[in-house]
Amino acid sequence: MWCDTAEVWRYGNPYSIHDVLNIFEENGVVEEFKNGQHLVLTGGSPLKQQEALAELIKEFSIQFGFKPYIEVENEVVLQ
């Protein structure tokens, strides 16, 4: 089974926060969040992107007037 994670790590994507929010809106995702769908942040170590995630959440709440329920799935580091 192929996972696109390595591809994303190598090349990333060109989306700004406002691009992502517009994609959410254009595809009805904002309405899903209003109806209880969770926003799940995942992908290894999303907490290494705390400043960008805080900005995403701030801009989301400004643009749409609410904050979705947010889950963070961070990697576990065993020592």
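Guide: What follows is a set of questions about the terms used for this model, each answered from its definition.

Visitor: What kind of model is this, and how are its residues numbered?

Guide: This is a predicted model, in which local features need pLDDT of at least 70 and side-chain atom pairs count only at pLDDT 80 or more, while totals for chains, interfaces and linings use all residues. Residues are numbered from 1 along each chain as its sequence is written, and side-chain values use heavy atoms, with hydrogens and water left out.

Visitor: How do you know which part of the protein chain has the lowest confidence and which the highest?

Guide: The value to read is pLDDT, the predictor's confidence in each residue, from 0 to 100. Its mean over the protein chain is 87, and 89% of the residues reach 70 or more. Confidence is lowest in helix H1 (residues 5-11), with a mean of 68, and highest in H3, with a mean of 97. Where pLDDT is low, the predicted coordinates should not be read in detail.

Visitor: What makes a stretch of the chain a helix or a strand?

Guide: Both are DSSP runs, numbered from the N terminus: a helix is a run of H or I with at least four residues, and a strand is a run of E with at least two. By that rule the protein chain has 4 helices and 2 strands, and along the sequence they follow the pattern α-α-α-β-α-β.

Visitor: Why is Ser61 called buried?

Guide: Ser61, found in helix H4, has a relative accessible area of 19%. Buried means under 20% relative accessible area, exposed means over 50%, and partly exposed lies in between (1.4 Å probe, protein chains only). Ser61 is therefore buried, since 19% is under 20%. Of the 79 residues of the protein chain, 20% count as buried.

Visitor: Why is Ile57 called partly exposed, then?

Guide: Ile57 also belongs to helix H4, but its relative accessible area is 22%, which lies between the cut-offs of 20% and 50%, so Ile57 is partly exposed.

Visitor: And why does Lys48 count as exposed?

Guide: Lys48 is found in the loop between E1 and H4, and its relative accessible area of 67% is over 50%, so Lys48 is exposed.

Visitor: What makes a group of residues a nonpolar core, and which residues make up the largest one here?

Guide: A nonpolar core is a set of buried Ala, Val, Leu, Ile, Met, Phe, Trp, Tyr and Cys residues joined through side-chain atoms within 4.5 Å. The largest one has 11 residues in all: Leu21, Phe24, Val30, Phe33, Leu39, Leu41, Leu53, Leu56, Phe60, Phe64 and Phe66. Helix H2 (17-26), helix H3 (29-34), strand E1 (39-41) and helix H4 (50-64) each supply at least two residues of this core, and the largest share, 4 residues, comes from H4. Among the residues that Leu39 touches are Phe24 and Phe33.

Visitor: Why is the pair Lys34 and Glu31 called a salt bridge?

Guide: A salt bridge is a side-chain nitrogen of Lys or Arg within 4 Å of a carboxyl oxygen of Asp or Glu. For Lys34 and Glu31 the distance from N to O is 3.4 Å, which is within 4 Å, so the pair is a salt bridge. Both residues lie in helix H3, 3 residues apart, about one turn of the helix. A search of the whole structure finds 1 salt bridge.

Visitor: How do you know that Glu59 has no salt bridge?

Guide: Glu59 lies in helix H4 and is buried, and the nearest side chain of opposite charge, Lys58, is 4.5 Å away. Lys and Arg count as positive and Asp and Glu as negative, while His and the chain ends are not counted. Because the cut-off is 4 Å and Lys58 is 4.5 Å away, Glu59 has no salt bridge.

Conventions. Contact = heavy atoms within 4.5 Å. Lists of a residue's contacts leave out its neighbours within four places in sequence.
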